[in-house]
Amino acid sequence: MATKIGSGDKSIEFTKTKHIKYFRRCLQFIPPRYASFDTTRLSVAYFAISGLDLLQSIDVLQVEKHLIIDWIYSLQVLPSTDGYNIDRCGFRGSTTINVTKKAEEADTRCLEPVLSDCGHVAMTYTGLASLVILGDDLSRVNKNAIVSGLRALQLSDGSYKAMVDGSENDMRFVYCAAAISYILQIGRAHV
């Protein structure tokens with residue numbers, strides 16, 4: 001169904017079904033022209049998920065919803081068994097940068113993060129927001145680890161950087177930190 005937007009020569013046609021199809025496709029793979037965004041795939045997924053939500057069409061994901069939720073949780077940087085990386089926790093942007101090593105313990109299914117693996121404040125925000133839109137209860141989110149990660153990202157002037165290893169700092173990341181705090185119901189004293 002197409003809807004005309006505007007009037008006269010400046011009107012455009014909005015085709016909801018084509019937008020739905022495009023958003024679903026972006027959740028399956030990144031179009032080649034957007035391949036450079038692979039390390040921020042979680043943000044691409046967030047825009048597709050929120051786009052479907054805005055079009056009141058999130059129900060088209062009922063079949064794959066649990067797979068998307070599991071994929072998002074697979075991007076969570078969790079604390080190591082000894083806690084050395086607690087300030088690096090949050091969500092990474094894609095599995096492209098999921099660098100883990102097998103733990104030395106007997107349970108080889110346990111994967112230990114390597115030092116270069118860390119969350120990103122924008123990916124943490126888009127991951128949590130996507131989970132909320134999809135109706136997840138956030139029970140698998142390691143809230144304490146995310147709080148530690150947020151603390152490590154805040155600078156002395158109150159702003160936030162994107163990653164613990166350094167990056168620019170500006171209002172985008174302050175917004176992300178505030179949204180994360182709201183979603184997880186983190187009080188001011190904790191961050």
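1. Basis. The model is predicted, so local features need pLDDT of at least 70 and side-chain atom pairs count only at pLDDT 80 or more, while totals for chains, interfaces and linings use all residues. Residues are numbered from 1 along each chain as its sequence is written, and side-chain values use heavy atoms, with hydrogens and water left out.

2. Cavity. There is one cavity of 30 Å³ or more, where a cavity is a set of points on a 1 Å grid over the protein atoms alone at which a 1.4 Å probe fits but cannot get out. The largest cavity holds about 50 Å³ of space; a volume here is the space filled by probe spheres set on the points, with grid points joined across faces, edges and corners.

3. Cavity lining. Lining residues have an atom within 4 Å of a point; among them are Cys-89, His-120, Thr-124, Leu-153 and Ile-180. Helix 4 (121–133) and helix 5 (143–153) each supply at least two residues of this lining, and helix 5 gives the largest share, four residues. Helices are DSSP runs (H or I, at least four residues) numbered from the N terminus. By class the lining has six nonpolar, five polar and no charged residues; Ala, Val, Leu, Ile, Met, Phe, Trp, Tyr, Cys and Pro count as nonpolar, Asp, Glu, Lys and Arg as charged, and the others, Gly among them, as polar.

4. Aromatic pairs. The count is five, with rings of Phe, Tyr and Trp (its six-membered ring) paired if their centres lie within 6.5 Å, and planes under 30 degrees apart called stacked, over 60 edge-to-face and the rest tilted. Tyr-22 and Phe-23 form a tilted pair, at 6.1 Å centre to centre and 55 degrees between the planes. Tyr-22 is partly exposed at 27% relative accessible area, whereas Phe-23 is buried at 17% (buried is under 20%, exposed over 50%, partly exposed in between; 1.4 Å probe, protein chains only).

5. Tyr-125 and Tyr-175. Their ring centres are 5.5 Å apart and their planes at 80 degrees, so the pair is edge-to-face. Tyr-125 lies in helix 4 and Tyr-175 in helix 6 (residues 171–183), so the pair ties together parts 50 residues apart in sequence. Tyr-125 is buried, at 12%. Tyr-46, Phe-47, Tyr-125 and Tyr-175 form one aromatic cluster.

6. Arg-140. This residue sits in the loop between helix 4 and helix 5 and is partly exposed, at 43%. Its side chain makes a polar contact with the side chain of Asp-70 (2.9 Å); a polar contact is a pair of N or O atoms within 3.5 Å, and within protein one must be able to donate a hydrogen and the other to accept it, with residues adjacent in sequence counting only if both atoms are side-chain atoms.

Terms used:
1 Å grid on protein atoms, 1.4 Å probe; cavity = no way out; pocket = protein on both sides within 12 Å on 5 of 7 lines; lining within 4 Å.
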